[in-house]
Amino acid sequence: MRSREALVLNFGQILESRFPRFVTRNQSSAAALGKGLRLLFCENRFQRFEQDYPHLFGFDFVEAVLWYFDLNIRLGEFERARIPDDGRAIIIANHTIGFLDGIALLNLVWQVRPDVKVVANKLLMAVKPRQPVLLHPSGCREIPGYEGRS
């Protein structure tokens with residue numbers, strides 16, 4: 001069994017590490033923001049998931065998240081056929097804060113393309129068990145228009 005450092009989601013740590021001046025100068029606002037983010041992202045449920053399944057990484061982690069949160073993906077064959085099964089492909093998700101819908105999309109594409117990787121921001125990179133299926137944006141500097149923000 002492989003071990004990893006704990007951190008599925010911890011918005012207090014994320015806020016402090018990403019925005020230390022904001023947290024220092026606006027402690028009550030930062031606390032309220034952290035509480036809102038914890039509720040929005042179901043932080044407690046993810047932390048319980050991590051405690052129950054600390055050994056999962058990559059797509060084992062992805063499938064277990066879908067099962068744990070009782071998410072079912074239904075997709076018709078026409079839609080599934082639109083995912084190319086070989087060659088280069090870029091699939092763009094229009095959600096910026098959706099963790100569970102991103103997991104669902106990743107699982108769906110993986111069913112057709114086991115070689116799938118996701119370009120992720122620092123927030124998603126903090127979810128250690130997902131890292132085997134993620135690409136950090138710093139590796140994407142050659143993409144036209146990419147400004148290096150994450």
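Modeller: One term before we start: helices here are DSSP runs of H or I, at least four residues long, numbered from the N terminus. Asn107 is found in one of them, helix H7. Keep in mind that this is a predicted model.

Biologist: Is Asn107 buried or exposed, and what is its relative accessible area?

Modeller: Buried means under 20% relative accessible area. Asn107 falls under that cut-off, so Asn107 is buried, and its relative accessible area is 5%.

Biologist: Which residues does Asn107 touch, leaving out those up to four places away in sequence?

Modeller: Contact means heavy atoms within 4.5 Å. With residues up to four places away in sequence not counted, Asn107 touches Val62, Glu63, Leu66 and Ile73.

Biologist: Why do the buried residues of helix H1 lie on the same side?

Modeller: H1 spans residues 11-18, and Phe11, Ile14 and Leu15 are buried there. They share one side of H1 because the arc they cover around the axis is only 95 degrees. On the other side of H1, the exposed residues are Glu16 and Ser17.

Biologist: Now the rings. What is the angle between the planes of Phe46 and Phe69?

Modeller: The structure holds 8 aromatic pairs. In the pair of Phe46 and Phe69, the ring centres are 4.7 Å apart. The pair is tilted, because its planes stand at 35 degrees.

Biologist: How many residues apart in sequence are the parts that this pair ties together?

Modeller: Phe46 lies in helix H4, and Phe69 in the loop between H5 and helix H6 (77-81). Phe46 is buried at 2%, and Phe69 is buried at 9%. The pair therefore ties together parts whose separation in sequence is 23 residues.

Biologist: Is the pair of Phe49 and Phe61 stacked or edge-to-face?

Modeller: Both residues, Phe49 and Phe61, are buried. Their rings sit 5.6 Å centre to centre, with 70 degrees between the planes. Planes over 60 degrees apart count as edge-to-face, so this pair is edge-to-face.

Definitions and conventions. Residues numbered from 1 in each chain as written. Predicted model: local features only at pLDDT ≥ 70, side-chain atom pairs only at ≥ 80, totals over all residues. Heavy atoms only, no water. Buried < 20%, exposed > 50% of the residue type's maximum accessible area, 1.4 Å probe, protein only. Helix = DSSP H or I, 4+ residues; strand = E, 2+ residues; numbered from the N terminus. Arc of directions from axis to C-beta. Phe/Tyr/Trp six-rings, centres within 6.5 Å; stacked < 30°, edge-to-face > 60°.
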